[in-house]
Amino acid sequence: MAGRASIEYYVGQALKGRVMEEDGFVMKVFSNGFVVFVPRFGIEGLIRLADLATPEPESVFDAEEYVLRTSGSRNIDVELFQKVVVRISDVKEESTGKRKIKLELVKP
């Protein structure tokens with residue numbers, strides 16, 4: 001856990017105000033979002049349904065196939081190990097003042 005936090009911290013410091021788009025892979029799928037791993041930086045982050053669009057898209061989660069399908073404000077199908085493109089930016093954590101990374105889905 002400390003290793004991941006350290007990597008995320010240093011990537012956040014390196015980005016400092018810059019925004020990058022990188023390839024990533026879906027590593028976990030939940031009913032309310034999914035986790036993307038970005039191999040270039042060795043980081044992973046959660047992308048929640050609420051982060052995809054406003055209003056939050058409706059979703060159907062297939063637990064047997066590990067597929068999340070959204071409809072409404074944004075229509076996408078996300079499945080386990082799918083290659084995606086994410087936008088990586090840094091944000092300053094309010095409570096600690098430390099920089100951390102934020103992932104946004106660009107295209108599935």
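1. The protein chain exposes about 6,700 Å², of which carbon and sulfur atoms supply 49%. Accessible areas come from the Shrake-Rupley method with a 1.4 Å probe, and for residues only the protein chains shown count as cover. This is a predicted model, in which local features need pLDDT of at least 70 and side-chain atom pairs count only at pLDDT 80 or more, while totals for chains, interfaces and linings use all residues. Residues are numbered from 1 along each chain as its sequence is written, and side-chain values use heavy atoms, with hydrogens and water left out.

2. The protein chain has 2 helices and 8 strands, in the order α-β-β-β-α-β-β-β-β-β from the N terminus. These are DSSP runs numbered from the N terminus: helices are H or I with at least four residues, strands E with at least two.

3. Of the 108 residues, 32% count as buried (under 20% relative accessible area; exposed is over 50% and partly exposed in between, with a 1.4 Å probe and protein chains only). Among contacts (heavy atoms within 4.5 Å) with a separation of 6 or more, 47% join residues 24 or more positions apart.

4. The largest nonpolar core holds 21 residues, and Phe34, Val36, Ile47, Val86, Ile88 and Leu103 have the most contacts inside it. Elements giving two or more residues to this core include helix H1 (2-15), strand S3 (43-48) and strand S7 (83-92). Such a core is a set of buried Ala, Val, Leu, Ile, Met, Phe, Trp, Tyr and Cys residues joined through side-chain atoms within 4.5 Å. Leaving out residues up to four places away in sequence, Ile47 touches Gly33, Phe34, Val36, Leu52, Val86, Leu103, Glu104 and Leu105.

5. The whole structure has 5 salt bridges (a side-chain nitrogen of Lys or Arg within 4 Å of a carboxyl oxygen of Asp or Glu). One of them pairs Lys83 with Asp23 at 3.5 Å, N to O. Lys83 lies in strand S7 and Asp23 in strand S1, so this pair ties together parts 60 residues apart in sequence. Another joins Asp51 and Arg48 at 3.1 Å, N to O; Asp51 is partly exposed at 36%, as is Arg48 at 41%.

6. Asp77, in strand S6, forms a salt bridge with Arg69 at 3.7 Å, N to O. Asp77 is partly exposed, with 41% relative accessibility, and Arg69 is partly exposed at 40%. Beyond its neighbours within four places in sequence, Asp77 is in contact with Leu68, Arg69, Gln82 and Pro108.
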